[in-house]
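Please read the following account with the chain open beside it.

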Amino acid sequence: VGTDLAVDLDKPAGHTSFANEVRWQKVFWSYATMEYFFCAPHLIWFAISLSVYVAVPYDFEAAREGWAASWVTKRIGVCFAVALAYYGFFFWALYIRGASRRKFQPDSYPTSGNMAHNLWYWSLGILQWAMSECVMTRLWATGKVPYVSNKELITSPQLLLANVGLVLAVPLVRDIHFYVAHRFVHIRAVYKYVHSLHHRNTDPEPFSGLCMHPVEHLYYYSIAWIPPLCVTCSPFVFAFIFMHLALAPGGGHSGFEDHWQSDAYHYIHHAKFECNYGSPGVAWIDVLCGTFRDKLVASGTYQGEYREHYAGKSEQGQAWSHQSYLGVPAADHLIYTVFCFAVTAAVALGATRSSYVDAGVLPGPAVAALAAYGPLLVPLLLCAWNDRMPWRWPFHKERVVGTFGLFATAGWLLCVVPVYRLVSLICA
């Protein structure tokens, strides 16, 4: 996420068409020449990942003994420190220092209430990142998930080459997973109770990037668990994917067009809603599905469901976001929130109180199914109860045995199945 697209400085921010910049031929060339990795933000995230991995390694010995607060809180502290430094840099540079000039919405800035909202949900995202690292460390340490040690990596050229290949594949795999997961949470039933929170920010600032519902964090992060759960690899592969997941949204949601990690492609998605589900690297999927929009103003490439009267107040210059404030949710959203708390408690008990699992009080497979499928089934029931819109909107015109079915199945495989597998191992 985040790419350096060519910009016409004579036009307002977001008005330059980048259709030629995201052609599949150009994207293929960037992969063939390795520009996608070494001449892009991916190299920065790799350097940060490697530095943290070496300086503050996973504590397998402590994790083997149990869930001691000492090593868990240390990992939480590391994740928050890295994330706050990265996101804080972008916010300070762009919104306080004024290092960039080309803001997509020049007169639109977040209030203190908006920032309190964004920081709260951002913090939940960082906490979930930290706890995910703790969970994987525990699974590696107890032998439930095998891994390639640093010693094995150094002494085996084959293992080293295989893991280097996995690292280099991360940007491409992330792009594909992001498209699938993002489209998945835009299905009306899931969008209403999960992804709509992220879309409260139609003119995002850096902390908006991880300002998501915890269920969306869960599915967004699911790509990090797939390699260690499917193949025996170095923990660094997992660490790099998670660092990539956690940091990339910062600059990509900056709200500015003129800096090294600006992402006009995704900004247009926030402003126009039903378009640009992917990133520039997989724009060809949006093109094939008719959801590619090349600029903020009238686009001849777009064939999706968005209409201009859907525009929110922030797009009209009246407020940054009138929805991005903390408060008491509506009744149906409160029901969903209580359900999510219950599932979280069940997973936590299953992971830390093995006696409950052994006694059959919390059967591992049942907890895993609840955690993986519950966040999808409950919104479907709630929508059937009080929503007049088609539960598949804006994909309701697509064939179930066709485009909709294809991407729904991909979403299940790449988002739901990894969650089920992970929770099964945690509660085993």
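His 198 is buried, since its relative accessible area is 4%, and the cut-off for that class is under 20%. This is a residue of a predicted model. His 198 sits in the loop that runs between helix 9 (188–193) and helix 10 (214–221). Its side chain reaches the backbone oxygen of Cys 211 at 3.0 Å. Leaving out residues up to four places away in sequence, His 198 touches Ser 208, Gly 209, Cys 211 and Met 212, together with Glu 216 and the histidines His 253, His 266 and His 270.

The next topic is a pair of helices. Helix 6 (residues 112–141) packs with helix 12 (residues 235–252) at an angle of about 170 degrees, and their axes are 11 Å apart. Angles over 145 degrees count as roughly antiparallel, and helix 6 and helix 12 are therefore roughly antiparallel to each other. On the side of helix 6, the residues that meet helix 12 are Trp 129, Ser 132, Glu 133, Met 136 and Trp 140. Helix 12 contributes Pro 235, Phe 238, Ala 239, Phe 242, Met 243 and Ala 246. Sorted by class, this contact of helix 6 with helix 12 has nine nonpolar residues, one polar and one charged.

Helix 6 also holds Asn 114. With a relative accessible area of 1%, Asn 114 is buried. The side chain of Asn 114 reaches the backbone oxygen of Ser 324 at 3.0 Å.

Lys 144 counts as partly exposed because its relative accessibility is 37%. Not counting residues up to four places away in sequence, Lys 144 touches Leu 139, Leu 425, Ile 426 and Ala 428. A polar atom of the Lys 144 side chain lies 3.3 Å from the backbone oxygen of Leu 425. From C-alpha to C-alpha, Lys 144 and Glu 65 are 14 Å apart in space, and 79 residues apart in sequence.

The nonpolar interior comes next. In soluble globular proteins, nonpolar side chains tend to be buried together. Here the largest nonpolar core has 101 residues, and those with the most contacts inside it are Trp 129, Trp 225 and Tyr 336. Helix 5 (residues 69–96) gives the most to this core, with 13 residues. Trp 129 is also one of the residues through which helix 6 meets helix 12. Tyr 336, leaving aside its neighbours within four places in sequence, is in contact with Tyr 193, Val 194, His 213 and Val 215, and also with Pro 375, Val 378, Pro 379 and Leu 382. Another core, of 13 residues, lies apart from the largest one; among its members are Phe 18, Ala 264, Ala 271 and Phe 292.

Which residues does Phe 407 contact, leaving aside its neighbours within four places in sequence? They are Tyr 179, Val 180, Arg 183, Ile 285 and Cys 289. Phe 407 lies in helix 18 and is buried, with a relative accessible area of 13%. The C-alpha atoms of Phe 407 and Phe 184 are separated by 7.3 Å, although the two residues are 223 residues apart along the chain. Val 164 counts as partly exposed, at 37% relative accessibility.

The last topic is the backbone. Most residues other than glycine have a negative phi, and most peptide bonds are trans. Phe 273 has a positive phi, near 75 degrees, and for Asn 276 phi is also positive, near 50 degrees. Phe 273 is found in the loop between helix 13 (264–272) and helix 14 (283–289), and Asn 276 is likewise found in the loop between helix 13 and helix 14. Phe 273 counts as buried at 15% relative accessibility, and Asn 276 is buried with a relative accessible area of 0%. A cis peptide bond joins Trp 393 and Pro 394, with omega about 5 degrees. Pro 394 has its place in the loop between helix 17 (364–386) and helix 18 (403–426).

Terms used:
Residues numbered from 1 in each chain as written. Predicted model: local features only at pLDDT ≥ 70, side-chain atom pairs only at ≥ 80, totals over all residues. Heavy atoms only, no water. Helix = DSSP H or I, 4+ residues; strand = E, 2+ residues; numbered from the N terminus. Buried < 20%, exposed > 50% of the residue type's maximum accessible area, 1.4 Å probe, protein only. Polar contact = N/O pair within 3.5 Å; in protein donor to acceptor, adjacent residues only side chain to side chain. Contact = heavy atoms within 4.5 Å. Axes fitted to C-alpha atoms, helices over the stretch in contact; angles between N-to-C directions. Parallel < 35°, antiparallel > 145°, perpendicular 65-115°, else oblique. Nonpolar A, V, L, I, M, F, W, Y, C, P; charged D, E, K, R; others polar. Core = buried A, V, L, I, M, F, W, Y, C linked by side-chain atoms within 4.5 Å.
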